[in-house]
Structure formats: structure tokens, C-alpha cells
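Q: I have a protein model on my screen and would like to learn how to read it. Could you walk me through some features, step by step?

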Amino acid sequence: MSGARCRTLYPFSGERHGQGLRFAAGELITLLQVPDGGWWEGEKEDGLRGWFPASYVQLLEKPGMVPPPPGEESQTVILPPGWQSYLSPQGRRYYVNTTTNETTWERPSSSPGISASPGPHRSSLPPAVNGYHASGTPAHPPETAHMSVRKPTVDSQNLGPSSPGRKQNKESTITINCVTFPHPDTMPEQQLLKPTEWSYCDYFWADKKDPQGNGNVAGFELLLQKQLKGKQMQKEMSEFIRERIKIEEEYAKNLAKLSQNSLAAQEEGSLGEAWAQVKKSLADEAEVHLKFSAKLHSEVEKPLMNFRENFKKDLKKCDHHIADLRKQLASRYASVEKARKALTERQRDLEMKTQQLEIKLSNKTEEDIKKARRKSTQAGDDLMRCVDLYNQAQSKWFEEMVTTTLELERLEVERVEMIRQHLCQYTQLRHETDMFNQSTVEPVDQLLRKVDPTKDRELWVREHKTGNIRPVDMEI
């Protein structure tokens, strides 16, 4: 499909994507890459290149084919008097009777009240609707648990009825007014946006049954719960480090107090010096643990506590935004269903009027058929408008879901990496503390090796001797 051309249906800013292609509605784009996943690369007529959602464009039936401007009819098509042809914003041709203001998607014939189509069940609408799967629109609203509204794959994006890439399963679809809807039990899984990764953007489109039996939980809600749980775990880790700091502070306080104890202060000699060094080492160790607790607070506990302080508030904004888009999508879906039912009723009425014409030909019956055809055409137009609005809502929801889930994925990676780095900092501080503690003990070891009981005795004797005159034996 590379090299084919397409026409943009909706404006796309591309601001939230690093390589997004900005365009307005109605521009022509030449396709460069059409990989699976719902995002295509193309080049505008001004030479700009970039990526864009596939559902924002209408693929032209043949490469290089450009629809003629509104009002220009093919030379091989002859319209009845009073009829003019135009192109819709989606590039589809429709017809207007300038006398009666009647509009129809079918090419009118020269016979009054009789359509060029072979039967009343044929559509008055274009055969392809942008933004739908190969099997049509979603069979259920986005709220249902087993349904997954996903971006259409490249094989199902706006392919004309003659395109080899479009294959319809007649048993699994229903077609009303040439708009194809899937059977409720035939919703296929879409191709993954990141097939080589277990990415958030691929596995949280559907709803999940609540384990507690309280209905269903949206997949996006599960991602938000994961983020909030991560925030809670981070807070608890911070509280754990705080308890560790309290233990260090209390330990340092007790060591300092013990170093001031006067027990065994009267010991003399080299042993006395070693004993004094033992007490001093306690004071040095107390200072080391006090510094350790201060660094734990500034380099580990505080960053963990302050990381994304307003994270919960930001998640609520994100939740409300996606929820609003889901509600809008559900509302658009309901409008499509309502318009589809209305079209069915109008077509049924048209069929009945046509059967009456076959039984009895009269001016009144012909006039009733004209009114029924106008109502059927109007109902078809209403259905197409509802389908277009649904597609716009679906595309917007898809784009925001992909962008937001990838952002949540990035935030989770960032949170885990941040905690890992600060826990590594904790272990590094612990190693440094152990080294400092060892350095406070080394002077004690050195003095203990110098303790010499013989020298201590000599020194003591020299200092405390009272004399060396011994008593002599007495003679009788």
C-alpha cells in the first residue's frame, strides 16, 4: 500500500507525538509506511513527513486517485434534469435535486420515484466508513466487560469494496445501508502496538470483572490503581527508612552516654590507656551513626517521601479526562444504534410503499414513495453523521488512551528506578558507616597489642614503691 494516497478527514495536531504529522481536514497525503498498529507514515504535498492515526484519513480506492472537485461529474454519468452531484467532506459523492431539494447518496434515474438501485434494501450511503474494523463498528458499547475498542489495523482502514485487503465474513456481520456491523460474538483481537513488549498500551482496553463481584473495572482504572499502589508502597518504604533512622539516632545517643561512663576509670598503665581508647571509640562510633542517620534522612527518606507529591491529584485529572472520553464514546455509540434503528424503520416503510405501488399505481402512491425515499435518505444521512461522530470520538479516545497509558508506563519505570537508586544509596551509606566504625576500633586494637603486664608492673612499682630494706634475722 506504500505509495497510495489518502485524504485527511479530521485535523491532527501531532503536538503530543515527537514525529507527528500536523494536517488539517481535506489534505492529501502520500503513504510511505503502513505497518500494523493503526499508525501510518506519510508525506504531505508540501514535503513534510510524519506519523498520524490511520483512522484520521480516508484511503482512496486506487493509488494516485484523487476525487474530482465538488460539482464535477464523470463524463460517463448522465444525470436526470434538475439533479447535481457533489462530494461530501469524506470524499463520497451524493446528489441533490435543485428543484425539490431532495438529497440522496444513490445516483438518481430518469424515472420519477424509482432509484437507480435494484431494490429498496440497497444503501443510500457510502460503502465504507472510516475508523471501523474489517467487521464493522463495535458490537457493544465501550463499557461492556468483554469488549475491546481498539485502533483498526492497516488491513481494515478505509479500504474500498474492490480492495483485496477487505474481506467480509457474511456470517459474522450484518450490513445496514452499506454500513457493516459485526456480530456480537465475532469481535477479533487487534494487532499489538508493541508486539515485542508487555506494554500498558496493548492490554488494558477491555474491562475486567471485579473480583469482589461489584460489576466491572475499566482496564485504565487498573492502571491507575497500580500507580496509586506504587505511590503507597513508596510512602511505606519512606516510613521504614524513618524507623531505621530512629534506631540509629537512639543507638548513637546510647553510645555517647556510655562513653562518658566513669567505670574502670582508675585503671593504670598501658591497659588503662587501651581502656580509655575503648571509651573514646564509643564516642567516635556514636558520631558516625549520628551522621549516618542524618544522611539517611536527607538522601533516602526525604526523596522517597517527596517524590511526586501531587501524583494522586494528577492521576485524578487523568482519570476524569479518560472517563469523559469513554462516556462520550458510549453516547456516540448509542446515537449510532438509534440512527440505525430509525433507518431500518424508514427502509421498511419505503419497502411497503413500493409494494403498494406495484399493486396499484396512483399519483398518491408515487408521492408517498417520494416522501418515504426522502425520509430514508435523511435517516441514512443521520446514520452517517452519527457514525462520523462516533469515529471522531473513537479516534480521540484511542489517541488519548495510547498516549496516557504510555505515560503511565514511563512513570512506573521512573518510580521503580528512583526507588532502586535510593536503596542503593542506603546500602552505600551503610557500607561507609561500617568502614568508619572499623576505623574507630583500629586504635583500640593497636593499644591492646602494646599492653605489657611486665612493664605495667615495673612502672607501678617505680611509682608506688615504699623502700627496699628488708627485716633481718634476729640472733639470740
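Q: Let me start with a single residue. Is Asp284 buried, partly exposed or exposed?
A: Good place to begin, and keep in mind that this model is predicted. To answer, we look at relative accessible area: under 20% is buried, over 50% is exposed, and partly exposed lies in between. Asp284 has a relative accessible area of 24%, so this residue is partly exposed. You will find Asp284 in helix H2.

Q: What should I look for in the backbone angle phi?
A: Most residues other than glycine have a negative phi, and most peptide bonds are trans. With that in mind, look at Ala264, which is not a glycine and yet has a positive phi of about 60 degrees. Ala264 sits in the loop between H1 and H2. With 45% relative accessibility, Ala264 counts as partly exposed.

Q: What is the phi of Arg308, and where does this residue lie?
A: Arg308 also is not a glycine, and its phi is positive, near 55 degrees. Its place is in the loop between H2 and helix H3 (311–359). A relative accessible area of 16% makes Arg308 buried.

Q: Which ring does Arg308 lie over?
A: Arg308 lies over the face of Phe311, at 5.1 Å from the ring centre.

Q: How do I read pairs of aromatic rings, and how many are there?
A: The idea is to check the distance between ring centres and the angle between ring planes: centres within 6.5 Å make a pair, planes under 30 degrees apart count as stacked, and planes over 60 degrees apart count as edge-to-face. By this rule the model has eight aromatic pairs. One of them joins Tyr200 and Phe204: the ring centres are 5.9 Å apart and the planes stand at 85 degrees, so this pair is edge-to-face. Tyr200 is buried at 15% relative accessibility, whereas Phe204 is partly exposed at 22%.

Q: How are the rings of Trp205 and Phe398 arranged?
A: These two are stacked, with 5.2 Å from centre to centre and 10 degrees between the planes. Trp205 is in the loop between strand S10 (179–182) and strand S11 (207–209), and Phe398 is in helix H4 (residues 363–450), so the pair ties together parts that are 193 residues apart in sequence. Both residues are buried.

Q: Which residues form an aromatic cluster?
A: Phe12, Phe23, Phe52 and Tyr56 form one.

Q: Where is Gln19, and how far is its C-alpha atom from that of Phe52?
A: Gln19 is in the loop between strand S1 (5–8) and strand S2 (28–33). Its C-alpha atom is separated by 8.7 Å from that of Phe52, although the two are 33 residues apart along the chain. Gln19 is exposed, with a relative accessible area of 57%.

Q: Where is Ala24, and how does its distance to Pro11 in sequence go with that in space?
A: Ala24 lies in the loop between S1 and S2. Ala24 and Pro11 are 13 residues apart in sequence and 4.1 Å apart in space, C-alpha to C-alpha. At 35% relative accessibility, Ala24 is partly exposed.

Q: One more to finish: is Tyr390 buried or exposed?
A: Tyr390, in helix H4, counts as buried at 2% relative accessibility. Tyr390 and Ser335 are 55 residues apart in sequence, and their C-alpha atoms are 8.4 Å apart in space.

Methods
Residues numbered from 1 in each chain as written. Predicted model: local features only at pLDDT ≥ 70, side-chain atom pairs only at ≥ 80, totals over all residues. Heavy atoms only, no water. Phe/Tyr/Trp six-rings, centres within 6.5 Å; stacked < 30°, edge-to-face > 60°. Buried < 20%, exposed > 50% of the residue type's maximum accessible area, 1.4 Å probe, protein only. Helix = DSSP H or I, 4+ residues; strand = E, 2+ residues; numbered from the N terminus. Lys NZ or Arg CZ within 6 Å of the ring centre and 35° of its normal.
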